[in-house]
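Trainee: I'm new to this one. Could you put it on screen and talk me through it?

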Amino acid sequence: MSEPSSSLSSSKDELFQLIKRLGTYLALKMSNLFSISLQKLDPRSVGAIAGLAVAIIFTYRLMRSPAAPPRRQPKRQAPTTSGSSISAQSNATLMPSGACSPSEDLRAQNVVDEFFQPVKPTLGQIVRQKLSEGRKVTCRLLGVILEESSPEELQKQATVKSSVLDVLLEITKYCDLYLMERVIDDESEKIVLLALENAGIFTSGGLVKDKVLFCSTENGRTSFVRQLEPDWHIDTNPEIVSQLAV
């Protein structure tokens with residue numbers, strides 16, 4: 001590494017001395033020329049002498065300018081047990097300051113995706129959307145709120161569907177809800193009211209026992225709906241639905 005640099009320095013010194021001697025010689029010649037009368041000089045000779053002087057000055061300044069230091073070759077690091085960590089640090093060092101790492105790009109992309117991801121509506125929003133901002137709703141019990149499907153079954157038991165309980169409670173938050181059903185006897189009414197109470201409908205929701213209506217015929221349920229004039233009625237009997245649609 002030292003031999004090439006020393007030879008380069010010596011060659012530059014020799015060239016510099018050569019140009020210096022040439023400049024001294026030309027200066028001597030120019031002084032001799034200027035001692036002669038300027039009238040005897042040809043204009044072309046004067047221009048040639050001036051151009052030569054400019055060229056010598058330019059060459060002299062070029063040689064005096066400091067040369068760029070030679071690039072150092074990176075030293076090889078001895079292999080260590082933490083080779084993976086050194087590689088990761090070198091990659092981070094070589095990365096331009098204006099560039100982002102792949103992990104940062106992925107994190108930014110995830111933030112953008114989450115920001116523009118469609119928001120899932122809540123259960124309350126779905127209920128209000130389905131009811132079209134209706135304020136009064138009537139609903140039958142059998143097959144909708146209760147798992148039983150006939151008045152005869154209500155004489156023995158009544159079971160509230162767990163799948164509709166949350167929806168029912170949301171309806172009571174935004175609407176005036178009335179439940180109604182045809183029953184055979186008074187004992188069936190008590191069984192139904194007890195099942196609704198055990199399910200928490202009267203305590204968690206806005207429903208009261210007075211809004212649970214019972215009748216002995218199907219036409220009685222139709223009469224309830226017409227008297228209450230709800231915005232929506234929920235029923236599983238196609239005949240009653242068609243009668244109310246008229």
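Trainee: Which arginine forms a salt bridge with glutamate 181?

Mentor: Quick background: this is a predicted model, where local features need pLDDT of at least 70 and side-chain atom pairs count only at pLDDT 80 or more, while totals for chains, interfaces and linings use all residues. Residues are numbered from 1 along each chain as its sequence is written, and side-chain values use heavy atoms, with hydrogens and water left out. A salt bridge here is a side-chain nitrogen of Lys or Arg within 4 Å of a carboxyl oxygen of Asp or Glu. For glutamate 181, the closest N and O atoms are 3.9 Å apart, and the partner is arginine 221.

Trainee: How many residues apart are glutamate 181 and arginine 221?

Mentor: Helices (H or I, at least four residues) and strands (E, at least two) are DSSP runs, numbered from the N terminus. Glutamate 181 sits in strand E2 and arginine 221 in helix H9. The pair links distant parts of the chain, with a separation of 40 residues.

Trainee: Which residues are linked with Glu181 and Arg221 in a network of salt bridges?

Mentor: The structure holds nine salt bridges. Some belong to a network that includes Glu181 and Arg221.

Trainee: Why does the pair of arginine 140 and aspartate 235 tie together parts that are apart in sequence?

Mentor: Arginine 140 forms a salt bridge with aspartate 235, the closest N and O atoms being 3.8 Å apart. Arginine 140 lies in strand E1 and aspartate 235 in the loop between E4 and H10, so the parts they tie together are separated in sequence by 95 residues.

Trainee: Is arginine 140 buried or exposed?

Mentor: Buried means under 20% relative accessible area, exposed over 50%, and partly exposed in between (1.4 Å probe, protein chains only). Arginine 140 has a relative accessible area of 7%, so the label is buried.

Trainee: Which side chain makes a polar contact with the side chain of threonine 138?

Mentor: Threonine 138 is in strand E1 too, and counts as buried because its relative accessibility is 0%. A polar contact is a pair of N or O atoms within 3.5 Å; within protein, one must be able to donate a hydrogen and the other to accept it, and residues adjacent in sequence count only if both atoms are side-chain atoms. Here the distance is 2.6 Å, and the partner is histidine 233.

Trainee: Is tryptophan 232 buried or partly exposed?

Mentor: Tryptophan 232 has its place in strand E4, residues 232–234. Leaving aside neighbours within four places in sequence, it is in contact (heavy atoms within 4.5 Å) with several residues, including Lys130, Val137 and Thr138. Its relative accessibility is 39%, so the answer is partly exposed.

Trainee: Which residue caps the N-terminal end of H9?

Mentor: In H9, residues 218–228, the buried residues are Gly220, Arg221, Thr222, Val225 and Leu228. They pack against E1, E2, E3, E4 and helix H10. At the N-terminal end, a side-chain oxygen lies 3.1 Å from the backbone nitrogen of glycine 220, and the residue supplying that oxygen is threonine 217.

Trainee: How many helices and strands are there in the chain?

Mentor: From the N terminus on, the elements run α-α-α-α-α-β-α-β-α-α-β-α-β-α. Counted by kind, that gives ten helices and four strands.
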